[in-house]
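Here is my notebook from an afternoon with this model. I jotted down what I looked up, one topic per entry.

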Amino acid sequence: MKIGRRVLSSIALLAFVSSISVGCAKTNTSAKAEMDYPKKPIEMTVGFAAGGMADIVTRLSVEAAGKHLPNKQSIVVSNKLGASGSVQLAEVFQQKPDGYKLGSVTTGNLIIQPNFGNTPYKSNDFEPVALLNTAPNVLVVKSDAPWKTYKEWLEYVKKNPSKFTYGTAGTGDTKHVAMETLNVTKNIKTKHVGFEGSAQSITALMGGHIMGAVVGLQEAMPLTQSGKIRVLANLGSSKADAYKDAPFLKETEQGFPGFDTFTGILAPKNTPKEVIKILDEAFKKGLKDPKLIEELKKIGTEPTYAGPEEFKKIIKTSAKTSEEIMKKAGLTK
Amino acid sequence: MNSLIQLLNGFETALTWWNLLYCLIGVSIGMLVGVMPGLGPTAGTAILLPITFGLEPVSAIIMLSGIFYGAMYGGTVTSVLINTPGEAASVITCIDGHQMAKQGRAGTALGIAAIGSFIGGTFAIIGLAFIGPPLANFALKFGPPEFFALMLLGLMMLLGLMGQSLLKGLIAAVIGLILSMVGMDPVSGTVRFSFHQLELMNGFDFVIIAMGLFGVSEILMGAENRSDSEKIPKIKGLLPKKDEWGPALKSIARGTGIGFFLGLIPGANAVIASLVSYSAEKKFAKNPSRFGKGAIEGVAGPETANNAYSGAALIPLFTLGLPSSPTVAVLLGAFIMHGLTPGPALFQDNANFVWAVIASMFIGNLLLLVMNLPLAGVWAKIALIPYKLLFPLILILSMVGAYSVNNSLWDVGTMIVFGVLGYFLKKLDFPLAPIVLTFVLGKSIESSFLQSLTISQDGFFIFFTRPISSVLIMITLLIIILSIFSGIKKKRSYLANDVEI
C-alpha cells in the first residue's frame with residue numbers, strides 16, 4: 001500500500017503546484033523567458049474527458065517528461081471539453097506564444113475538425129512540439145462472420161455494393177475517415193452508421209445489428225482477446241504487432257495512406273525555437289522511460305515519439321489526405 | 001452452489017481491512033459527487049482513475065465501482081431538499097420528493113429512498129452474481145430499432161408527468177426536444193442551431209440545463225418570496241407512516257424489476273429506468289391524484305429503479321465487456337489498465353477478482369444504507385436553514401459545479417440563462433420535468449431512428465419486422481388508443497388524464 005500513499009501524496013502535491021501556478025499565471029511573463037525557460041509551471045490542456053485515451057496518454061507522458069525539464073519546473077495538465085476538442089484547441093490558438101500554455105491534441109481536433117470549417121484555427125496554425133503516441137484504427141467483424149480474411153471480405157463487398165454496414169464512434173471521426181478512404185481507393189461501397197463513441201458501435205456489432213466496425217486498436221483488444229471479434233485489416237498508418245495476421249493496408253493496398261489516431265503536444269504559433277527545443281528534449285527523454293512504456297502497455301499502446309519537424313510533416317500529410325478524402329466522400333464541401 | 005462458495009471466498013477478500021477501507025472511500029466519494037450539483041459519477045470515477053494506478057486491481061475496482069453506485073444514493077438528496085437533481089436519474093425524484101420536503105417529510109423521503117436503493121441495489125448484485133451471463137446475451141438483441149421503440153415508449157410515459165394542463169406539458173416537451181437538437185447530429189455530422197458558436201457544437205450539457213431549470217430558477221423563486229411564508233414544518237422522522245409501508249414496499253419491488261431489466265440493456269440509461277418506474281407507480285396507485293403532491297411511491301419506486309439499474313448495468317460489462325454508460329466505460333478503462341479483460345473469460349480466469357468485487361458491492365450497499373439512514377436526518381435539517389443563507393450557498397455551489405463540468409465559464413452563463421428561463425416557465429405554471437426528460441430522450445430517439453434506417457434493407461419496415469421493436473411499438477400505440485378511448489368515455493379533454501385508464 002506504500003505505492004498508493006505515494007500516489008496520493010504526489011496528487012496532493014500536484015494540486016498544490018497547480019494552485020500556485022494559477023496564482024502566478026498572470027505575472028512574470030518577461031520577454032527574456034526563452035533564455036531561462038521554464039521559470040514557472042507550464043500549463044497544458046487536453047480537449048477530451050479525464051480517463052479517456054487521449055487524457056491518459058497525455059498525463060502519463062507529461063509525468064515522465066516533467067522529470068527532464070530544467071529548473072525543476074513541471075507541466076500541469078487540465079481538461080477543457082467541448083465540440084470534440086475544438087474548444088480547447090481554439091483556446092491554445094489564442095494563447096501568447098511564450099511556452100507556458102501548451103495543448104495536447106489528437107487527430108480529431110487538429111486534423112479532422114478544421115475540415116468541417118467550424119473551427120477558428122487550421123491544422124498548420126501551431127508549433128508542433130512532439131508526437132506522443134499513434135494508434136492504428138482497425139476493421140473488425142464478429143468472430144462468426146462469414147469473412148475470415150480481408151480478401152474474402154473485399155470480394156463480398158465488391159459483389160454486394162452498399163450492403164456492408166459498419167459502425168464508428170461518429171461521423172467525421174478518424175475511424176470514419178479511414179474507412180471512407182478505403183472505399184475511395186478500392187472503389188467499393190459500404191454503409192456508415194455513426195454512433196456516439198466506439199463502445200456503442202462495438203455493442204451494436206456484438207448484437208449483430210451492424211456487420212462490422214472500425215475502432216481503435218486498444219478498443220478492440222478486450223474483445224479480440226476473448227475471441228468475440230476478429231480484426232480483418234489494419235486501416236492505420238502504423239503497424240499493429242498484436243494483429244500480425246491482419247494485412248497492413250498501407251503497405252498492401254496501393255494508394256491507401258492509412259489513418260491513425262495520434263496524440264501529440266502543440267504550442268501556439270511563433271513560440272520561440274529555443275523553447276520548443278527544451279520541451280522536445282524533455283519529451284524525447286521522457287518517452288523512453290521504461291515505467292511509462294510499461295504503463296502504456298497496460299492500456300494496449302506504446303509511445304511513438306516524433307520530434308517537432310517530423311511531427312509537422314505528419315500533420316501536413318494527414319491534413320492533406322483527410323481533406324481530399326472527406327471531400328470525395330461527401331462529408332465536406 | 002459453486003457460485004455461492006465462490007461468493008463466500010469473495011467476501012474473504014473483500015473483508016480485508018484495506019479493501020473495506022477502499023470500499024468505504026469509494027462509496028463516500030460516490031455519495032459526495034452525487035450530492036454536489038454538476039459533479040456526477042462519470043467525473044468522479046474519471047478523476048480518481050489515475051490515483052488507482054498504484055493500487056491492487058481488486059482494491060482499485062472496488063473503489064471505482066463504489067463511486068458508481070454510491071452516486072445514485074447521493075443524487076436523491078438535492079432533489080428532495082432543494083428541488084435540484086444531483087444527477088440525471090434523480091430528476092423524477094424532484095416531483096414528489098421535494099413536495100414531501102415541503103411538508104416536513106424530507107427525512108422520510110430520504111429514508112425510503114435509502115431503503116429502496118439498498119433493496120434495488122442488492123437484488124441487482126444478486127442478479128449479477130447468479131443470472132447475469134444468460135440475460136446479458138438477450139440484452140444484446142437491443143439494436144438501434146429496438147432502442148427507438150423503447151425511447152418512443154418512454155416518451156409516451158412522459159404524458160404522466162404533464163401536470164395540470166396537457167397543452168403546457170406538451171409545449172414543455174417540445175422545448176426539450178428542440179434543445180436536444182442543438183449541436184452535431186452524430187449520424188450525418190451536420191451541425192444545427194449552433195450559430196457558429198464552438199461551445200454549441202456538441203449541444204447542451206444535460207447537467208447544465210437541469211441545474212439551471214431546476215436549481216437556479218428555484219433560487220429566483222425563493223428570493224421573490226423573501227417573507228419565508230412557506231415555513232417548513234418540523235421534521236417528522238425518517239420512517240414512513242404505518243399505512244405507507246405496504247404501497248412503498250410494493251413500489252420498491254416493482255422498481256427493482258424495472259431497473260434491473262433496463263440496466264441489462266447496454267445503452268439504455270438510468271433516466272429511463274426512473275421514468276418508467278414513476279409511470280408504473282402512478283398506474284398502480286389507488287389514488288393517482290396524490291402524485292405530484294408528495295406521494296411516497298413516487299420517491300420509492302424511481303429511486304429503487306435507478307439503483308437496480310446501476311447494479312444491473314455492470315452485468316454487460318462483466319460478462320460481455322461492453323460498457324452500458326459513460327461511467328461504466330471509465331470502469332472498463334480501469335479493468336484494462338489493471339490487466340483484466342472483462343468478458344466471458346473473466347469469470348473463469350479471474351474468478352477471485354470478480355467475486356471479491358461482487359462481494360464488495362454487497363458490503364458497499366450496506367455501508368451506504370448505514371450511512372444514509374442517520375444522514376437523512378442531518379440532510380433534512382438543511383431544509384431548515386433560512387433561505388437568505390441557504391440560497392446564496394446553493395448558487396455558489398451550482399456555479400462551481402457548472403464550471404467543473406467542462407472547466408468553462410460558458411457553461412456557468414448557460415446555466416444562468418436556463419435559470420431565468422425556468423423562473424418564467426415556473427411563473428407560467430409550465431412543468432419542467434418534461435423539458436429535461438425529452439432533452440435526454442430526444443438525442444437517442446433521433447440517432448437510433450437514423451441508425452435504424454441506415455441499417456435497414458427495407459426502409460421503415462425494420463421497426464415492425466423485428467419482434468422486440470414491433471411489440472414495443474404496439475404497446476405504445478395501444479396506450480395512445482386506450483387513452484383516447486377512455487378520454488372520450490369520460491368526456492374530458494381526452495389526453496388530460498394521461499395514461500391512466
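**Before the first helix pair.** I call a crossing left-handed if the near helix is turned anticlockwise from the far one by less than a right angle, and right-handed if clockwise. The model is a predicted one: local features need pLDDT of at least 70, side-chain atom pairs count only at pLDDT 80 or more, and totals for chains, interfaces and linings use all residues. Residues are numbered from 1 along each chain as its sequence is written, while chains are lettered from A and ligands numbered from 1 in the order in which they are written.

**Entry 1, H11 and H13 of chain B.** I looked up helix H11 (residues 242-264) and helix H13 (residues 297-312) of chain B, whose axes come within 7 Å and cross at roughly 30°. Helices (H or I, at least four residues) and strands (E, at least two) are DSSP runs, numbered from the N terminus. Axes are lines fitted to C-alpha atoms, for helices over the stretch in contact, and angles run from 0 to 180 degrees between N-to-C directions. H11(B) and H13(B) are therefore roughly parallel; angles under 35 degrees count as roughly parallel, over 145 as roughly antiparallel, 65 to 115 as roughly perpendicular and the rest as oblique. I noted that H11(B) passes H13(B) in a right-handed crossing. Their contact has 13 nonpolar, 11 polar and two charged residues. For these classes, Ala, Val, Leu, Ile, Met, Phe, Trp, Tyr, Cys and Pro count as nonpolar, Asp, Glu, Lys and Arg as charged, and the others, Gly among them, as polar.

Next I checked helix H4 (residues 57-82) of chain B, which packs with H13(B) at an angle of about 170°, the axes being 9 Å apart. That makes H4(B) roughly antiparallel to H13(B). This crossing of H4(B) over H13(B) is right-handed. Which residues of H4(B) meet H13(B)? I found Phe68(B), Tyr69(B), Met72(B) and Thr76(B), which meet Glu303(B), Asn306(B), Asn307(B), Ser310(B) and Gly311(B). Two residues are in contact if their C-beta atoms, placed from the backbone, lie within 7 Å. The contact of H4(B) with H13(B) has three nonpolar, five polar and one charged residues.

The peptide bond from Tyr37(A) to Pro38(A) is cis, with omega near -10°. I placed Pro38(A) in the loop between helix H1 (2-24) and strand S1 (42-46) of chain A. In chain B, Phe195(B) has a positive phi near 50° and sits in the loop between strand S2 (191-192) and helix H10 (206-224). His196(B), also in the loop between S2 and H10 of chain B, has a positive phi of about 55°. Are these two buried or exposed? Phe195(B) counts as exposed because it has 7 C-beta neighbours inside 10 Å, and His196(B) counts as exposed with 10. A residue is buried if 20 or more other C-beta atoms lie within 10 Å of its own, exposed if 12 or fewer, and partly exposed in between, with C-beta atoms placed from the backbone.
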